[in-house]
Amino acid sequence: MDEADVRQKARAFVANVDVSNIREDLSPYVTAANAKVKKDELGEGESGYTVTKPNGKHIITVNSIETDERQRFTVCHEIAHIVLGLDSSHEEVPSWSYAKRHPNEIACDTFAAELLMPYQQWLSAAPKEEPSPELIQHMADMFCASFPAAASRFASLSDMPCAFVTMERGAVRYAARSTALRQAGAWIPPRSAIPAGSVAHRIRSSGNSVTETGEVSQDVWFDNWEQGLDLWELSRHYQRTDTTISLLWFDSDELPTVEVNRFGARVEDDGGLAELTGELPWPGRSRRR
Ligand SMILES: [Zn+2]
């Protein structure tokens with residue numbers, strides 16, 4: 001099951017539920033999943049779990065000492081386990097950590113984001129303007145979601161070429177790209193170090209939990225990219241967990257005009273398709289001459 005399958009399944013689930021009041025009340029989802037939610041004081045760092053009774057009813061327990069926004073995310077994450085039929089592996093890995101998370105857990109987080117921020121509601125509510133910390137916080141508040149969750153949603157649903165990058169302990173863990181950026185073939189390799197010259201690198205080095213926006217050269221983040229064009233980076237660092245997030249975006253007219261073939265490789269200027277090697281075409285192998 002890849003990310004697109006998970007999103008499709010989540011949207012099919014949402015389509016069968018009355019979501020008109022879902023930003024206030026998740027119970028239509030809970031009912032649709034044949035579940036019930038219980039609140040209990042669980043250990044620190046434990047967000048929740050689900051027990052299925054012999055009659056098939058699922059009892060979702062969420063940690064009452066966590067924030068409302070976190071509890072809502074947990075309810076949706078547990079519903080994902082039920083609907084997708086994926087077993088939990090909630091070991092001692094903190095939920096903010098992508099580092100060692102099981103693929104099932106990442107799939108359930110993707111499903112949860114679709115439930116918390118239904119894409120039709122998001123698209124009609126999101127201002128058609130460039131992102132700012134205020135805009136992302138406004139969307140997070142509107143959907144009772146975290147700032148990183150809203151930033152990630154912004155990137156994946158934007159018309160603009162943009163990307164959302166999650167970093168931990170100085171390394172890239174996960175990058176989500178908008179359709180426009182995927183079509184342009186922009187690629188950020190996972191597990192690479194946070195690039196020097198990025199806003200993320202600068203604020204993490206400062207050792208403080210801060211949010212900053214700045215303009216950086218495109219080849220800082222996309223190393224197979226032409227130099228000299230600029231992109232914007234809005235970055236926030238969380239000192240306690242050593243987690244950094246960045247939202248990257250281009251002005252549409254600043255995006256290099258490249259064509260991508262159906263294998264995701266950039267098409268060469270001479271008109272010939274890049275040779276298929278079975279390797280990812282990044283970085284730089286098909287740089288235009
Ligand atoms: Zn889980």
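Which hand does the crossing of H1 and H4 have, left or right?

Mentor: Right-handed: the near helix is turned clockwise from the far one by less than a right angle. First, the ground rules. This is a predicted model, where local features need pLDDT of at least 70, side-chain atom pairs count only at pLDDT 80 or more, and totals for chains, interfaces and linings use all residues. Residues are numbered from 1 along each chain as its sequence is written, and side-chain values use heavy atoms, without hydrogens or water.

Now H4, residues 103-116, a helix (a DSSP run of H or I, at least four residues). H1 spans 3-15. H1 and H4 pack at about 35°, and their axes are 9 Å apart. Axes are lines fitted to C-alpha atoms over the stretch in contact; angles run from 0 to 180 degrees between N-to-C directions. From H1 come Glu-3, Val-6, Arg-7, Lys-9, Ala-10, Arg-11, Phe-13 and Val-14. They meet Ala-107, Thr-110, Phe-111, Glu-114 and Leu-115 of H4. Contact means heavy atoms within 4.5 Å. By class, this contact has seven nonpolar, one polar and five charged residues. Asp, Glu, Lys and Arg count as charged; Ala, Val, Leu, Ile, Met, Phe, Trp, Tyr, Cys and Pro as nonpolar; the others as polar.

H4 also packs against H3, residues 68-84. Here the angle is about 115° and the axes are 8 Å apart. This crossing, too, is right-handed. H3 brings Arg-72, Phe-73, Cys-76, His-77, Ile-79, Ala-80, His-81, Val-83 and Leu-84. H4 answers with Glu-105, Ala-107, Cys-108, Asp-109, Phe-111, Ala-112, Leu-115 and Leu-116. The classes are twelve nonpolar, two polar and three charged.

Methods:
Helix = DSSP H or I, 4+ residues; strand = E, 2+ residues; numbered from the N terminus.
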